[in-house]
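Trainee: Please take a close look at one part for me: the contacts between the chains. Go through them one by one.

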Amino acid sequence: MTRASRGSAVVMTLYLLFLLVPIYWLLNMSLKTNAEITGAFSLYPLNPTLANYRTILTDPSWYMGYVNSLIYVVMNTALSLAVALPAAYAFSRYRFLGDKHLFFWLLTNRMAPPAVFALPFFQLYSAVGLFDTHIAVALAHCLFNVPLAVWILEGFMSGVPREIDETAYIDGYSFPRFFVRIFMPLIASGIGVAAFFCFMFSWVELLLSRTLTSVNAKPIAATMTRTVSASGLDWGVLAAAGVLTILPGALVIWFVRNYIAKGFALGRV
Amino acid sequence: MARITLDNLAHSYSPAPKGDADWALKPMSLTWRDGGAYALLGSSGCGKTTLLNIISGLLHPSRGQVLFGDRDVTTLPTADRNIAQVFQFPVVYDTMTVRQNLAFPLKNRGLPADRIAARVASVARMIGMEDRLDRRARGLTADAKQKISLGRGMVRQDVNAILFDEPLTVIDPQMKWELRTQLKALHREFGHTMIYVTHDQTEALTFADEVVVMSEGRVVQAGTPQSLFDAPAHTFVGYFIGSPGMNLLDAQIAGATAFVDGTAIPLAAPYAPSAGRVQIGIRPDAVRPATEGLPFHLVRVEDVGHHRILRGEVAGTPFNVVVPEGEPIPAGFDRIALDPARIGVFVDDWRIEPRERAA
Amino acid sequence: MMDKPVNNRAWFLVLPVLIVVAFSAVIPLMTVVNYSVQDTFGNNQFFWNGLGWFQEVLESDRIHAALGRQLLFSAIILAIEIPLGIFIALNMPKRGFWASLVLVLMALPLLIPWNVVGTIWQVFGRVDIGLLGHTLAAMGFDYNYVNDPVDAWATIIVMDVWHWTSLVALLCYAGLQSIPDAYYQAARIDQASRWGVFRYIELPKMGGVLLIAVLLRFMDSFMIYTEPFVVTGGGPGNATTFLSIDLVKMAIGQFDLGPAAAFSLIYFLVILLISWVFYTVMTAQRETP
């Protein structure tokens, strides 16, 4: 028993080290000046400085990147959930013409390579005047987030007994009132999990968000790539920007940590 | 196979138990003879699962000893105890066939292949699964799966005991009866020591030679089904066993007479006076409608087929009377007569014996 | 599941999804199909080209090479991440404070924007300023992911393992958590070995989540774009030019719309086909009586 658990502890320590050391290295660099980074090699900042962070937080072309990213991520999450909730309810409660095919077709969209869609998206959104807006990116990310949200929510909804719906209708609830007042609170953790995944995939995606924006809605991730190619060697600022992109994700995980395992547990295929 | 002795056993889930409530199992001593069929009966949370886990080695007791034969197994892990267990939900190895499931415990113990094949064949016959030996276990019904997990236990000839943890919970009602009959037959034929945990009195009373009734972490009575019915040692047993349960009335005792709400009721023998809450208890089938005796207020009659239950009140306490089929119920009766030989006397919930027998 | 009532009005509930997905998937896909069968001499004048582009793509050595690299990459990724993820899941603490902490730390790489993942490893592997590159150089290895194709592959594979193994592990962990204790107790009674417990209890019970893990890891590794693009830009030479990188080069870099569109459709179909094969094989295995 004890030998086995000590073995597990060693495995987990090594694995977590493997995960955390590269992140630590980014953090380490973000606290150094460029001179120190390219100068003597050191495992920790000898003269820690917040100058790189100051650069980012005082320059609108930097910090607006964060604002833009957050705007379209939140828009996407809200949009995905808003359309996925009724659809997931339909899939979990009723059979209807073509339901299985429709469900499968939705899931295939999750398998579509964003690279395939980059150019057509660009043309489509340019044509309808949505290019370089937050809503364009939010809509584009629906490509993979809506199927995912429908799938996750359907799983949670199927866990709620149908008698609850029937009782509510007998008690005289209308469908919208029942759905919002009774049903949604019941699957609150499912909504949380779905929101988490939407947030996550929208936040980490770059190919589409970069293709669909130029200035006004440019995401932080894209700002980083441009700055690298332009100034080439501003490693400190790059690292600081990277560290700042990790923070929202870390915060979100911390809040949903008790639901993560549950969200992943939807192993019903 | 072996005798099982629980010696001064107690268990608490908290590392430093303080009050009575911290003990999931209060100190108990019991001996179960080799080859007996025993049931642990009690409502959920009474400690019966804790006791079972201690016997199976999943838990190590805070105090006391567990002996298999003369061997102290208190701290031995499950694998070294040589027991078998059938769980509440069927536990089978899904990806294996029935045959592989049955052979698995023997294979792990390194038996030669021909011995394994012979044992598997005979166990398959015992549990009546010979025709399905090469089916994958995943697709079988719940009762078939329970038979497999029972078979996995019986396939080892030297098991000390077979433990059953509410094994019929997920079985269809008609299969429940069949499985229980089969279990009983297997016990008669092969004589394994069997310990059966349940909250269902019918299961316990029909299965076991001796039933151990537990309540709030305490063994309140251990005895044959008949003795639990006739002479419950505790009001809990009286109430829990029997349907409906024993009627209990607050009373004062003077010698061989009990007084309930001012009415005198003769008892079979005189009792010594005692301090504390005194109650008399009587089974509903030992009461008859009468023209004189204890005042009874009838509320309703339930016909349950082979008898009728009269639900009513005596001195403000719910009271049931069972009238056998065919016997008429006198119209408008308001008194009942109690069979003196079947009245029990309880002080602070525990049964007391009459004076001369106690002496 | 079986006794759901038939109600075709449920289509109204699905309508919003259809509208959104039509806008974000169907119309763009139609554009792709449209391009794939037409040719242009510029000035927005198109003419019918039949299956010409498809033929060109299917015969293109460049795309064959990219497809070969992509298949090799996905195969390596699955071969490493699936067993490693299972192994990590088996070693994760089951409950308590450590379980929460480990969960959170493990999920961290999953929430880092993909180009930042690329940046982290691009920096980490540099011999002059990165810990990994510096350490390897100090140990006497001639490591340089910019010039050496093998080093570039190794870096990208390690990066992907770093990035995604946690996803597999978390899925398997969730599957393991759902196994009732009685199974482990039964295995103890039957004196099953540790391997026996894994082979006959844990692995079968993880079947469902494992299927999801394999599908997700296959799809996402097959579509990988951002991370290797940031680290190697597809180089050295074309050594790490995977399908998506090649496609973006073709569509946006060279603006070869027709071939790029035909390429896109074939690409999409290959993913669907391989996913379907995985799904069928893995579920068939589970369902055999």
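**Contacts between chains**

Mentor: Start with the pair that does not touch. No contact joins chain A and chain B; a contact means two residues whose C-beta atoms, placed from the backbone, lie within 7 Å. The closest C-alpha atoms of chain A and chain B lie 11 Å apart. This is a predicted model, where local features need pLDDT of at least 70, side-chain atom pairs count only at pLDDT 80 or more, and totals for chains, interfaces and linings use all residues. Residues are numbered from 1 along each chain as its sequence is written, while chains are lettered from A and ligands numbered from 1 in the order in which they are written.

Two pairs of chains are in contact, and chains A and C share the most contacts. Chain C brings 77 residues to that contact, and chain A brings 77 residues. On the chain C side, helix 1 (residues 10–36) gives the most, with 15 residues. Helices here are DSSP runs of H or I with at least four residues, numbered from the N terminus. By class, this side of chain C has 57 nonpolar, 18 polar and two charged residues. Ala, Val, Leu, Ile, Met, Phe, Trp, Tyr, Cys and Pro count as nonpolar; Asp, Glu, Lys and Arg as charged; the others, Gly among them, as polar.

Now chain B. Here 16 residues of chain C are in contact with 22 residues of chain B. Two elements of chain C give two or more residues to its side: helix 8 (181–189) and helix 9 (194–222). Helix 8 of chain C supplies the largest share, six residues. The chain C side divides into 10 nonpolar, four polar and two charged residues.
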